[in-house]
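Please consult the sequence and the model alongside the text.

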Amino acid sequence: MTKEYSGLARIYDYLVTGVDFEGWIDYVEELLGRFNLHAASVADIACGTGNTAFPFARRGYKTVGVDISGEMLALARLKAETQNLDVPFIEQDMRELALPEQADLITCFHDGLNYLPDIREISQTFQRVYDNLRPGGAFIFDLNRVTWLSGSDNSPVVVEEQDMTLIWQSGYEQENELWTIKLTAFVRDGDTYRKFTETHREKGYQPAEIFSNLSRTGFHVLGSFNAFNFNPADESGVRHFYVAQKPL
């Protein structure tokens, strides 16, 4: 998985420019309040360049970020220093998560779990999250419901900016509920442009199989919602949020 992010790290923050990450954490805090959950420490896994970790730190949570990509984390550390935020970042595969200490809350956002291509790897990650949560701790995460992409136009898309040109083409395999996007980028590096090509795949998972795997791991499943509201997760949502708790 690491190679998938080596080039993407250079343009990731550009791609998510319009995302309201503070709003994401507002929603997480609403979920915590809805289920009377309390957290002082947070581990944000698949944290990328830190965008979902930094709002927690700014709000006073003891925060750590975890990601498999060293390139992403190098940018996250630089951003933390620039913003004067004390957030340690750990290069680690979430399927082998091993935090320095148990956390009150573990989060995984922006399709991080969709990158796991098999339900067994989802189960493996759930177990590692469970083991790294304190008793009573919460696990809040999202999954992209990739089936909504099945009807999208698969024609190549070209985006030209002053210092980069991006070309991507996507496809959807209905039988495997698998969305694939091939990205080619030309990014300015001094007086030259460097090219990179990466292929990213996201696997869709049904709420029922997520519920059963959380329960099998030992979690209490508290709820699942269409993103950023409290309507039960259903086919109308393009992203689902899940809330689970490790028993006391």
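Phe141 and Tyr242 are both buried, where buried means under 20% relative accessible area, exposed over 50% and partly exposed in between, with a 1.4 Å probe and protein chains only. The model is a predicted one, in which local features need pLDDT of at least 70, side-chain atom pairs count only at pLDDT 80 or more, and totals for chains, interfaces and linings use all residues. Residues are numbered from 1 along each chain as its sequence is written, and side-chain values use heavy atoms, with hydrogens and water left out.

**Aromatic pairs**

Rings of Phe, Tyr and Trp (its six-membered ring) pair if their centres lie within 6.5 Å; planes under 30 degrees apart count as stacked, over 60 as edge-to-face and the rest as tilted. By this rule there are 19 aromatic pairs. One of them joins Tyr27 and Phe241, both of which are buried. Tyr27 belongs to helix α3 (residues 21–34) and Phe241 to strand β11, so the pair links parts of the chain 214 residues apart, with helices (H or I, at least four residues) and strands (E, at least two) taken as DSSP runs numbered from the N terminus. Phe141, in strand β5 (residues 133–144), and Tyr242, in strand β11, tie together parts that are 101 residues apart in sequence.

| Pair | Centre to centre | Angle of planes | Class |
|---|---|---|---|
| Tyr27 and Phe241 | 5.0 Å | 90° | edge-to-face |
| Phe141 and Tyr242 | 5.1 Å | 10° | stacked |

Tyr27 and Phe241 also belong to one aromatic cluster, whose members include Trp24, Phe35, Phe109 and Phe228.

**Charges over rings**

A charge sits over a ring if NZ of Lys or CZ of Arg is within 6 Å of the ring centre and within 35 degrees of the ring normal. The charged end of Lys246 lies over the ring of Tyr130, 4.8 Å from its centre. For Lys203, the ring is that of Tyr205, with a distance of 5.2 Å to the centre.

Most residues other than glycine have a negative phi. Ala46 is located in the loop between β1 (41–45) and α4 (54–58), and its relative accessibility of 25% makes it partly exposed.

**Cysteines**

With a disulfide defined as a pair of cysteine sulfur atoms within 2.5 Å, the count is 0. Cys47 is in no disulfide, and the nearest cysteine sulfur, that of Cys108, is 9.8 Å away. Cys47 is buried at a relative accessible area of 4%, and Cys108 is buried at 0%.

Strand β6 is joined to β7 (residues 164–173) by 4 bridges, and Val158 stands opposite Ile167 in β7.

How values were computed. Two strands pair if DSSP finds at least two bridges between them.
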